[in-house]
Amino acid sequence: MKIGRRKFVGTASAIVAGIARSPVAQARSSTNGPGTSSDLERQEPAASSAKPAPVPTWQAKVERLFKAPDLHPNALEAAADGLWIGDQVSERVFKIDWHTGKVLYELQTESHNTSGIAVGGGYLWVNANGGVSGRRPPRSTDKPFGEIIQADLKTGKTVKAFDPPWGGVHGNVYVEQTQTLWTVALNISALAELDPKDNLRILRIIPVKGDRPHGIAWDHGAIWCLFAGDRLIQKLDPDTGKVLEIIKLSPTADPDPHGMCIHEGYMYYCDAGLTAPGPGSEPAMVCRFRMVAT
């Protein structure tokens, strides 16, 4: 079953309006009521001369672990019993041993240009970014546009396919505490929280700033977003989008970042070997680093 743009709750215009609606604007409308712009300006507090505190920023010390089963890992998901990996070209999804890289389980999905995977609510959620760029022979399930695929965890077959109003997608993560799915809304540079029990109804959207937002992960009430083009990861407030922390990767020595997840105090990422590879690119490599500045 395919859920089209008109049935996917929320429209692009509503999304843009939601992003543009700042906390200041909301506060004005709730406390001041209708009024002229001059009324609002007179009630605006005096600007503070104090500079905001700098965002804590540090350099990761990356450890190379092992190669992924296929050559182009582009999506990661953490589970207690294994690391899930989605391949961008074969569209296969693997669960592997955290320590050895041994394949424990694998599925063939009907995705196209797999860019994110999440497991939750009894399903596999695959972010397909659309098109395969001639990297493999075409399949009947390929689409030229991005979609979010709800797949059977035993067979990999598509249960539903959702066509998001913003088009392209990258990483995603299922949050057990809220039973919701977060996804990168690539074409509007934002992260969106969706309700899997209500046809992926849009619950909230936060804007992000960076080159190619890719892998995302939930961590104790905050959300991390990896920016592949900038070679850095931002920790964000999921309500406001405020940047709380920044981790940098070396643009010359570390493997290229694509998919990302968090497990037992480590952040894991993978190098798909595609899309603007840098000097340190090591296709298929799975890496990790400790999430504590040293």
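This is a predicted model: local features need pLDDT of at least 70, side-chain atom pairs count only at pLDDT 80 or more; totals for chains, interfaces and linings use all residues.
Reader: Which residue in S5 is the bridge partner of Ala79?

Author: S4 and S5 (residues 82-87) run antiparallel, with six bridges joining them. Ala79 belongs to that contact, and its partner in S5 is Gly82.

Reader: Moving on to S17, why is it largely enclosed by the rest of the structure?

Author: Buried here means under 20% relative accessible area. In a regular strand, side chains alternate between the two faces of the sheet. Ala222, Trp224 and Leu226 point one way from S17, Ile223, Cys225 and Phe227 point the other way, and all are buried. So S17 (residues 222-227) is largely enclosed because its buried residues number six of the six.

Reader: Which residue takes a positive phi in the hairpin of S16 and S17?

Author: S16 (residues 213-219) pairs with S17 in the antiparallel sense, over five bridges. Within that pairing, Trp218 sits opposite Ile223 of S17. The hairpin has two residues between the strands, and the one with a positive phi, near 50 degrees, is His220.

Reader: And which residue takes a positive phi in the hairpin of S17 and S18?

Author: S17 also pairs with S18 (residues 232-236), antiparallel and over five bridges. Phe227 stands opposite Leu232 in S18. This hairpin has four residues between the strands, and the positive phi, near 55 degrees, belongs to Arg231.

Note on methods
Residues are numbered from 1 along each chain as its sequence is written. Side-chain values use heavy atoms; hydrogens and water are left out. Two strands pair if DSSP finds at least two bridges between them. Buried means under 20% relative accessible area, exposed over 50%, partly exposed in between (1.4 Å probe, protein chains only).
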